[in-house]
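Please keep the structure open while reading them.

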Amino acid sequence: MAREQRLAEVFVELADTLVEEFDVVDFLQVLTERCVELVDTDAAGLMLDDQRGRLQVVAYTDEPARLLELFELQKAEGPCLDCFATGEVIANVDLTGSAARWPVFTEAALRSGYTYSHALPLRLRSQVLGALNLFTVGRQTLTDDHLAVAQGMADIATIGLLHERALHDQVLLAEQLQTALHSRILIEQAKGVLSARADISVSEAFSRMRNHARRTGQQLTSVADAVVAGALDHSELQPVVDRR
């Protein structure tokens with residue numbers, strides 16, 4: 001199969017996974033495997049920012065790559081970390097000559113059998129979500145075409161992650177709005193219940209509930225819930241004293 005045809009198939013495959021409720025980890029795992037296939041490298045690992053400023057390994061093609069990625073994080077040294085920090089591509093790193101810059105990482109990478117390392121950012125404009133690491137056993141650098149494909153894969157990962165986070169944020173916002181709406185309905189019910197039981201206006205009922213909530217350190221919704229459930233008698237809800 002021609003490389004161009006396979007490349008098109010992979011992009012379609014990855015785009016096809018970007019549906020609602022897609023599995024992010026599986027998506028990134030497929031992406032690392034296809035990247036190794038298309039870019040003629042031997043292993044790949046992908047690290048993501050956990051949104052607390054710490055990188056975590058979330059996908060890798062084999063155990064040596066996973067261990068090297070974890071080692072890189074543990075020692076806080078290596079191309080992937082620098083790529084994430086700067087948002088810049090760090091490609092064609094000859095590991096036989098990188099000991100001065102990354103002494104601990106270089107020794108571990110060579111011990112794993114790799115000779116070249118490449119790191120590409122998962123970046124959209126100024127936002128960097130993580131980095132994709134590629135490792136090569138043979139002494140062969142990546143061409144500009146290979147790097148363009150690898151960056152394209154990293155960009156797909158970025159879009160997938162931002163898509164997933166946008167969906168999550170929408171769900172979270174919908175839940176927050178639904179909770180707020182439910183609370184508002186409950187408070188309106190409680191105002192009516194208290195107004196009828198204490199023979200006071202709904203405005204006075206609301207003032208008494210809010211005053212009770214503040215005095216006892218409870219949420220207004222909790223007080224309203226207790227009023228509706230009959231767990232809080234109207235005699236316990238004191239009138240608001242006007243101190244003017």
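1. A residue counts as buried when its relative accessible area is under 20%, as exposed when that area is over 50%, and as partly exposed in between. With a relative accessible area of 15%, Ser195 is therefore buried under this cut-off. Ser195 belongs to helix H6, and, once residues up to four places away in sequence are set aside, Ser195 touches Ile200, Ser201, Val202 and Ala205.

2. Please bear in mind throughout that this is a predicted model, and that every value in this note is therefore computed from that prediction.

3. The protein contains eight helices and five strands, and, read from the N terminus, these elements follow the order α-α-β-β-α-α-β-α-β-β-α-α-α. The protein is more spread out than a compact globule, because its radius of gyration is 29 Å, well over the 18 Å that the globule rule gives for 244 residues. Taken along the principal axes, the box filled by the C-alpha atoms is roughly 90 × 40 × 30 Å.

4. How much of the protein is buried? Buried residues make up 41% of the 244 residues. The protein exposes about 13,300 Å², and carbon and sulfur atoms supply 51% of that area. Among the contacts with a separation of 6 or more, 59% are between residues 24 or more positions apart.

5. The largest nonpolar core has 29 residues, and within it Leu28, Leu122 and Leu134 touch the most other members. Two or more residues of this core come from each of helix H1 (3-17), helix H2 (24-39), strand E1 (43-49), strand E4 (116-124), strand E5 (127-136) and helix H6 (144-198). Which element gives the most to this core? That element is H2, with nine residues.

6. Leu134 deserves a separate look in the viewer. When its neighbours within four places in sequence are left aside, Leu134 is in contact with a list of residues that includes Cys35, Val39, Ala43 and Ala44, as well as Tyr116, His118, Leu120, Leu142 and Ala150. A second, separate core has 21 residues, including Leu55, Cys80, Leu95 and Phe105.

7. As for charge, the protein has 22 positive and 36 negative side chains, and the centres of these two sets lie 13 Å apart.

Key
Residues are numbered from 1 along each chain as its sequence is written. This is a predicted model: local features need pLDDT of at least 70, side-chain atom pairs count only at pLDDT 80 or more; totals for chains, interfaces and linings use all residues. Side-chain values use heavy atoms; hydrogens and water are left out. Helices (H or I, at least four residues) and strands (E, at least two) are DSSP runs, numbered from the N terminus. The radius of gyration is taken over C-alpha atoms; the globule rule is 2.2 Å times the number of residues to the power 0.38. Buried means under 20% relative accessible area, exposed over 50%, partly exposed in between (1.4 Å probe, protein chains only). Contact means heavy atoms within 4.5 Å. Accessible areas come from the Shrake-Rupley method with a 1.4 Å probe; for residues, only the protein chains shown count as cover. Lys and Arg count as positive and Asp and Glu as negative; His and the chain ends are not counted. The place of a charge is taken as NZ of Lys, CZ of Arg, CG of Asp or CD of Glu. A nonpolar core is a set of buried Ala, Val, Leu, Ile, Met, Phe, Trp, Tyr and Cys residues joined through side-chain atoms within 4.5 Å.
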